[in-house]
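The following paragraphs lead the reader through selected features of the structure shown here. Please keep the sequence and the model in view while reading.

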Amino acid sequence: MKLKFFTLLFIVTNLCFSQTENNLHNKIEKFKDTNLDSLLFYAKKGKYSNSVCEQLVGENAEAYYYYRFENYEKVISLIEKILTKYDSLSEKEQNDLCAIQIKVSTYNRLFWTYKNLEQYEAAYQQLIKSSDFISTLTNENFDSFNSLINIEISKALIKKELKLEDDAKQILKNLILKINLKQKTNKDSAQYNRLVKIKANTYNLLGKTYMGINKRTNKKDLLDSASLYFNKAYENAKSFIPPHPDSDLMYAFRRTEVLIAKKDFNRALSLINNYSKVNNGIDINQYKYLNKAICFHNLNKTDSAIYFSNKLLTDYSLKKSYLISVYDILSNQYLNTNQLDSAYKYSKLTLNEFNLARENKQKTYQLLYDNDIEKITHLNNTILKKEKKKNIKTIFFYTLTLLIISSLFLIKRKKYKKEISQKTDELKLNETIEEKEKTQKVNYNIEEALEKKIIEKIKAIDTNHDYLKHDFSINSIAENLQTNSTYISFVFNQQHEVTFKQYYTKKKIEYAVKLLNSSNIYRRFSIEGLAKEVGYTNASAFTRAFKKQMGVTPSAYIKDLS
């Protein structure tokens with residue numbers, strides 16, 4: 001009798017613990033999108049529970065709370081503690097469904113945290129870790145479908161950020177088909193609701209992807225496709241249980257982006273001014289001020305554009321991509337008002353931030369490329385093993401296909417890197433060509449038509465002052481005429497008594513002298529600003545060339561004019 005009593009007590013106790021855990025989890029799920037104060041209350045309640053599962057759930061909810069307030073440093077700190085705690089659990093505890101779900105959730109939260117910080121390499125690392133972790137799981141109760149779908153959505157997002165929009169679009173359209181199929185066969189209402197949320201995220205990202213393709217190709221019909229998918233995302237979001245408090249606001253953001261892309265700036269401003277009607281208390285100032293600055297900038301309302309840009313610069317948590325846009329707006333507006341020193345200052349800041357962002361994206365691209373190649377190689381080895389007993393033609397076909405895929409990745413990688421290294425390569429090539437011109441005279445059998453095109457191009461450059469462009473070089477001429485730089489050099493030397501470099505260095509300095517003699521404005525330029533006006537990216541190189549030709553430094557020359 002006593003044995004039966006204790007057995008019954010044990011069952012009831014476990015049932016109570018289970019119900020308590022479920023109740024806490026349900027409370028947190030309920031309040032995460034409706035009441036953040038209540039969410040924090042239950043998060044802390046879970047943190048100090050005796051149940052390991054409740055502790056993990058509470059700590060993860062606390063991290064989400066700070067994520068909503070964009071306190072990303074705190075989020076990263078909290079999640080690192082959760083992961084450390086998970087690693088300290090016994091093997092049995094680690095294999096518990098609750099613990100598994102929390103670990104997958106933390107990787108997802110870290111991804112979005114790093115993504116919002118625009119640290120794309122770190123964000124993509126979380127996807128790899130999450131994918132690797134899921135592949136090791138043996139718990140049959142864990143539904144990997146949702147997690148793997150979310151990972152694919154996140155990969156598409158990274159590809160979009162890296163300007164690989166076509167790849168992102170294909171991933172997302174395939175995911176929509178998978179989600180639709182899953183919805184048809186699913187009978188669990190909770191799972192169905194999760195699928196609705198995933199589908200809304202997928203549609204939303206598809207809309208952003210079409211926006212990105214439009215920006216690259218300038219095909220206006222793509223904006224209609226973007227609007228279509230943003231609307232589908234919104235329709236799905238309206239069926240969330242419980243409703244998401246920010247759905248209307250997010251939809252307003254997306255509509256604003258489309259209106260700005262369509263250059264309908266007055267309607268965009270009207271929509272921005274109504275953000276407060278659909279906002280549930282989150283801080284939207286960055287997004288609001290940036291869009292206002294962009295609209296006023298394009299409407300040529302200088303004072304308003306500068307005002308909202310400067311308001312953004314007081315926010316030390318400003319996103320890097322926003323910072324680039326703000327600097328660019330300010331440099332253009334100050335140029336329009338003839339405040340040249342300020343214009344040059346922000347133009348230089350724009351370039352610095354852009355180069356940092358491009359370097360970050362290049363590292364991420366390399367990581368993404370390596371990860372995809374690793375999977376392709378693994379697939380290749382798997383196919384070779386399975387097809388070992390089949391005829392050589394089949395093996396050759398699969399191998400060739402995979403080599404082609406690998407080659408396509410390599411081509412994309414090289415194309416992306418080319419932008420970064422182009423200027424350095426051109427400088428090196430120019431120096432090599434100039435050295436050859438000094439030490440070597442070669443006769444080339446150049447077609448008469450090509451020689452005529454080269455001569456006309458050189459005349460046009462002198463007339464249009466193309467030599468003042470920062471990217472002007474003998475290679476740019478060769479690329480424009482679809483020939484090689486050696487031919488350009490040969491024809492040029494036949495027409496002039498000096499080398500290509502000597503000739504155009506002299507032209508640039510002569511133009512700088514002309515600017516200084518013709519207007520007081522240019523005499524107020526910094527040496528760096530003056531150098532930029534005549535195509536130099538380096539003030540020291542400009543000063544050396546000026547002194548060699550004029551016998552005095554630019555500063556001394558300007559002083560004499562005054």
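A polar contact is a pair of N or O atoms within 3.5 Å; within protein, one of the two must be able to donate a hydrogen and the other to accept it. The model examined here is predicted. A contact of this kind is found at the start of helix 8, where a side-chain oxygen of Asp143 comes to within 3.1 Å of the backbone nitrogen of Phe145.

Helix 8 itself covers residues 144-161, a run of 18 residues. From its first C-alpha to its last it reaches 26 Å, close to the 26 Å expected at 1.5 Å a residue. Of its 18 residues, 13 are buried, so helix 8 is largely enclosed by the rest of the structure. Just after this helix, Lys163 adopts a positive phi of about 70 degrees.

Asn338, although not a glycine, has a positive phi of about 65 degrees. Asn338 is placed in the loop between helix 17 (320-336) and helix 18 (340-386), and with a relative accessible area of 44% it is partly exposed. His465 is likewise not a glycine and has a positive phi of about 60 degrees. The loop between helix 20 and helix 21 holds His465, which counts as partly exposed because its relative accessibility is 31%.

Attention now turns to the aromatic rings. Across the whole structure, a search finds 31 aromatic pairs. One of them joins Phe111 and Trp112 in an edge-to-face arrangement, with 5.3 Å centre to centre and 85 degrees between the planes. Phe111 counts as buried because its relative accessibility is 0%, whereas Trp112, at 26%, counts as partly exposed.

Tyr467 and Tyr504 form a tilted aromatic pair, 5.8 Å centre to centre with 35 degrees between the planes. This pair links distant parts of the chain, 37 residues apart: Tyr467 lies in the loop between helix 20 (448-464) and helix 21 (474-481), and Tyr504 in helix 23 (residues 500-518). Tyr467 has a relative accessibility of 3% and therefore counts as buried; Tyr504, at 3%, also counts as buried. Both belong to one aromatic cluster, formed by Tyr467, Phe472, Phe492, Phe500, Tyr503 and Tyr504.

Aromatic rings also meet charged groups. The charged end of Lys74 sits over the ring of Tyr66, 5.4 Å from the ring centre. In another case, the charged end of Lys508 sits over the ring of Tyr536, at 5.1 Å from its centre.

Conventions:
Residues are numbered from 1 along each chain as its sequence is written. This is a predicted model: local features need pLDDT of at least 70, side-chain atom pairs count only at pLDDT 80 or more; totals for chains, interfaces and linings use all residues. Side-chain values use heavy atoms; hydrogens and water are left out. Rings of Phe, Tyr and Trp (its six-membered ring) pair if their centres lie within 6.5 Å; planes under 30 degrees apart count as stacked, over 60 as edge-to-face and the rest as tilted. Buried means under 20% relative accessible area, exposed over 50%, partly exposed in between (1.4 Å probe, protein chains only). Helices (H or I, at least four residues) and strands (E, at least two) are DSSP runs, numbered from the N terminus. A charge sits over a ring if NZ of Lys or CZ of Arg is within 6 Å of the ring centre and within 35 degrees of the ring normal. The expected span of a helix is 1.5 Å times one less than its number of residues.
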